[in-house]
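This report looks at charged side-chain pairs. The sequence and model come first.

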Amino acid sequence: MAKTFRLGARLPYPITILDFLKSPGEDVVKRKPILRFTYKFKRKIGDPSRDEEHEIEETGVAEWDCPAEGTLKEWRVKLGQTLERDQDLVVIEETCSHEIQYAGLCAICGKDMKEVNYVTDSLDTERATVAMVHDNLALTVSTTQAARAEMQLQRRLLKDRKLSLVVDLDQTIIHACIDPTVGEWQRDPSNPNYDAVKDVRSFQLDDGPRDGPRGTSGCWYYIKMRPGLAEFLERIHKMFELHVYTMGTRAYAVNIAKIVDPTQKLFGNRIISRDENESITAKSLQRLFPASTNMAVVIDDRADVWPKDGSNLIKVTPYDFFTGIGDINSSFLPKREDILKPSPPPEPKQPNGESSSNAPQPNATDTAGAKLEHARAVANGDENALLQLQAEEQERRLEKQLKDRPLLHLQEELDREDEEAEKKSAENGDNGDSNANGDSESPSHQRHKLLRDDDRELIYIEKHLTNLHHAFYEEYDERVAEHRRDAVPDVGWTLSGLKSQVLKGTKIVLSGLVPLNVDVRKVEVGMQAMAFGASLRTRVNPDITHLVISSSRPRTQKVRQAARIPSIKIVNQSWLLDSIVQWERLDETPYLIEVHPADRTVETPVDGGGSPPHPRIKIIHPDRQLFEDDFNEEAEDGDGEHSGDEDEDDEDDDYEDRYGAMPNFEDGERSPVEDLEGMEWGDLDKELEEFIGSDMDDSDFESTQGTDLGGGTDTESEEPNKRKRKFGEEDDDESTGSALAKKQRIAKARTTGLRNVKNATDEEDPEGSGLPTPIHTNDEEDGGREATSATLGGSKENEEVGEEDDDDFADLEAELEAELQAESEKG
């Protein structure tokens, strides 16, 4: 292969070509001179001690050594030509182009590609940088060789009418765990999970924690294949050439391939593990197809690990057979962000008997520490340190699974619930249900099973892959018929086109699904919805077609707004999830949310009309994940002001401060509300209690009980006898209260806001306290003061007389209304 060589930047330019030592057609040898040139230089002569030193210019002669072996094909310069800078010099047909290398040696000629000498401008290892084989990074080829190989692969696939399918393992086509409980259940036919685990396969590796006494050979891995996997792969193999791409170790991947494909007919040796992956946190199709990914498709349960190949990805619902285990290789991947979690069933238990509250929770301390170390390693760019941290975290997780045995504990919890149900049934005299033959079935035969084997995901995946294959070759045939040069279409574009038709025409608002201050278009649920053709909106208005809400939070502000618009379908998150999984806009009827009757009649303005409700302040526990409608019910789920909608920028600008109550902070300024996060509220309550108590005597405090503190809020108050009284509960001590207290209760029930108004002309409080008390509020005019004084006098007389009956309330109310009427006439 002919290669052009340059002069190099280290020569003393300008230079003049003096002589060619080799002519075209002659053989050249590496590090032997083939060119002679002259150059100018200056040197000093004379005696510097006598100040007779001066500088003269001289002409030097030098030779240029050949950097490669082969045959000289062409000179790119001429004799006598003066060259001012580096440029192309000679074309040499090399004896070996070193396009295929293995472990730093040329696989063709055997020379060391890492050799460095004075004629070397770059290492020869840079000639072959593409890893073309699945199982070995040491074997590399040049980009030219890679493109040539891919063209051959492409022609072969087109001839066979196939595409390339890259398959993930964990939670895509299999689920793995190392809990030894699985092996015990396989040996116990009486266990309720026996039918589900009887076909679980297992193998032993020496690269994990020991699950037996010291000296045992290794850790047992239990592998459950997704239902229908063998048939799925057999049919898909006729349309796709299959590859395995996993973040598990090489030994792990090979052993699973032996279970899934024992004859090596499906995958062969086309397996990439994390040991051969070029990245320690992400996957890339370029690792398999460096020249072109136009015919490559991926199925994976994780979309976030394919940052560059999202258009080629078909996302699979994670296969979670071993309840609570998850992906045992997830420590080598970023933190998982699932698209959506299905709507939980209405029963306390799930259909398989699993109780969601019993799912094992990770150790918060270990997780936080691991995340911190992970972030530091990434920030420092130290991949070796990060890989070490990931391996250590993987080891901790596996050891914890062996020690805790989560499957056993979850099943024991279900058994305890069954025993309690059996006891209750026995106490009620229930002898059990009768079967079809009239025999009584023992409760022991009704044990709930933890594991279920009813997954149907591969049915949908096969359908999607078949449709994609058909659409690709239909377009390919059309291009060939038109004699187009780009006859091979991009399968990524074809896949995106199919997805975009699923939810086309829908305008969706999300509620309760995205955390506070998160742009809905940048999270998994938003990106998936838009990829399938949905148009995301952040406001409820008559143009919206669907409001997708979290079934755990069915009464948000957006639900109340959408309930007033009959055309909007209010559905739970499972409708969106199932539509995406099945690539079909499903009927909304089974997913409709039953709206609370109060939400259909509440005066909640819809965008574009009505007066906005008053803003409210809500105190939320700092450890709780915040949603937008927790903070302000006008904006929810990160799809409010902070998420932004390019189509509604003007509307957002008007909405941000529609109440005129939001302060404007300059750069660097903070809201005083932010300072409340670290406030010790308990200390403040004590301080406020001491302050109020210093200005109130016992009679004042007693008169306060059962009035402002008792009936004005929805919280309980403590009376002098320590008895709790709730809102709406009649006051047993009402007969002993003063008439003033009764008037105050009546006045507090009124909707007027004049009770706490203090006029500028009022006299100063002689005690200097600006706090209103239940006895006197300083908000009346002179006439009002006289009326109040008379009332106070009447109150004392009434206290002396004794308790009054309930008929006095009507008189007191009429008297108070008369006083207020007189006061308003004077004003």
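## A buried pair

Are D300 and K283 buried or exposed? Both are buried (under 20% relative accessible area; exposed is over 50%, partly exposed in between, with a 1.4 Å probe and protein chains only). D300 forms a salt bridge with K283, with the closest N and O atoms 3.2 Å apart. The pair links distant parts of the chain. D300 is in strand 19 (residues 296-300), and K283 is in the loop between strand 18 (271-272) and strand 19, 17 residues apart.

## Basis

This is a predicted model: local features need pLDDT of at least 70, side-chain atom pairs count only at pLDDT 80 or more, and totals for chains, interfaces and linings use all residues. Residues are numbered from 1 along each chain as its sequence is written, and side-chain values use heavy atoms, leaving out hydrogens and water.

A salt bridge is a side-chain nitrogen of Lys or Arg within 4 Å of a carboxyl oxygen of Asp or Glu. The structure holds 32 of them.

## Helix to strand

R156 pairs with E241 in a salt bridge; their closest N and O atoms are 2.9 Å apart. R156 sits in helix 1 (residues 143-160), E241 in strand 17 (residues 240-245), 85 residues apart. Helices (H or I, at least four residues) and strands (E, at least two) are DSSP runs, numbered from the N terminus. R156 is partly exposed at 38% relative accessibility. E241 is buried at 11%.

## Within helix 7

K400 and D404 meet in a salt bridge (2.8 Å, N to O). They lie four residues apart in helix 7 (residues 383-404), so about one helical turn separates them. K400 is partly exposed at 38%. D404 is partly exposed at 28%.

## A network

Salt bridges with shared partners join R6, E74, R76, D86 and D88 into one network.
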